[in-house]
Amino acid sequence: MARGVAYCKNKECDLMFKPVIMINIPKEGFFCYECKEPGRITSEKFSVTGKGEEFKEVRLEFMYDVQSDEYKGLAIIKDEHTAGNKVYNYSSPLIMSENRGMKAAEIMLGVLRTTDEAKLDPRDLLGKGMESLDISDPWPLYLKKLEYLEKKWSRI
Ligand SMILES: [Zn+2]
């Protein structure tokens with residue numbers, strides 16, 4: 001299941017354009033908590049373009065703007081020393097800063113160089129290079145991980 005950001009687009013509603021992060025987008029879609037109208041969901045997307053055996057580039061769109069429905073940032077990480085010409089394109093409404101965009105693109109290219117085609121889901125790619133939080137972890141462990149990640153991310 002994809003992740004994404006949802007928001008209300010009802011002009012009469014107080015929650016219009018207030019982003020809601022969705023870790024698992026439900027099949028029935030998103031309904032505003034305030035006005036109960038169906039909202040818009042922008043989910044993360046990925047695709048592969050170019051040809052060849054190996055990935056040369058990751059292009060990652062970040063800093064999604066709900067009002068214009070556009071990504072304002074693009075991080076490009078390239079490896080010139082590769083035989084292939086394939087590009088991994090990834091758009092994520094969950095990545096809001098340039099630092100994180102660049103870091104995520106770097107991790108993805110690193111993993112793509114050593115992984116097979118069967119595992120191209122951005123979650124798998126990022127999961128290999130990054131620690132992630134799991135809300136089903138016992139609470140003390142979750143807090144410990146959160147603390148660690150906070151320290152780690154503040155250095156990036
Ligand atoms: Zn609403």
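Two residues are in contact if their C-beta atoms, placed from the backbone, lie within 7 Å. The model treated here is predicted, with local features needing pLDDT of at least 70 and side-chain atom pairs counting only at pLDDT 80 or more, while totals for chains, interfaces and linings use all residues. Residues are numbered from 1 along each chain as its sequence is written.

**Exercise 1.** Determine what share of the contacts between residues at least 6 apart in sequence joins residues at least 24 apart.

Solution. Among the contacts in the protein that pass the separation of at least 6, the share joining residues at least 24 apart is 56%.

**Exercise 2.** Describe the open sheet of three strands and identify its edges.

Solution. Strands are DSSP runs of E with at least two residues, numbered from the N terminus, and two strands pair if DSSP finds at least two bridges between them. The sheet has the order S2-S1-S3, with antiparallel pairing. Strands S2 (20-22) and S3 (40-43) each have a single partner strand, so one side of each is left without a neighbour in the sheet. From one strand to the next, the twist averages 25 degrees, where axes are lines fitted to C-alpha atoms and angles run from 0 to 180 degrees between N-to-C directions. Three bridges join S1 (residues 4-7) to S2, and glycine 4 lies opposite methionine 22 of S2.

Definitions and conventions: Helices (H or I, at least four residues) and strands (E, at least two) are DSSP runs, numbered from the N terminus.
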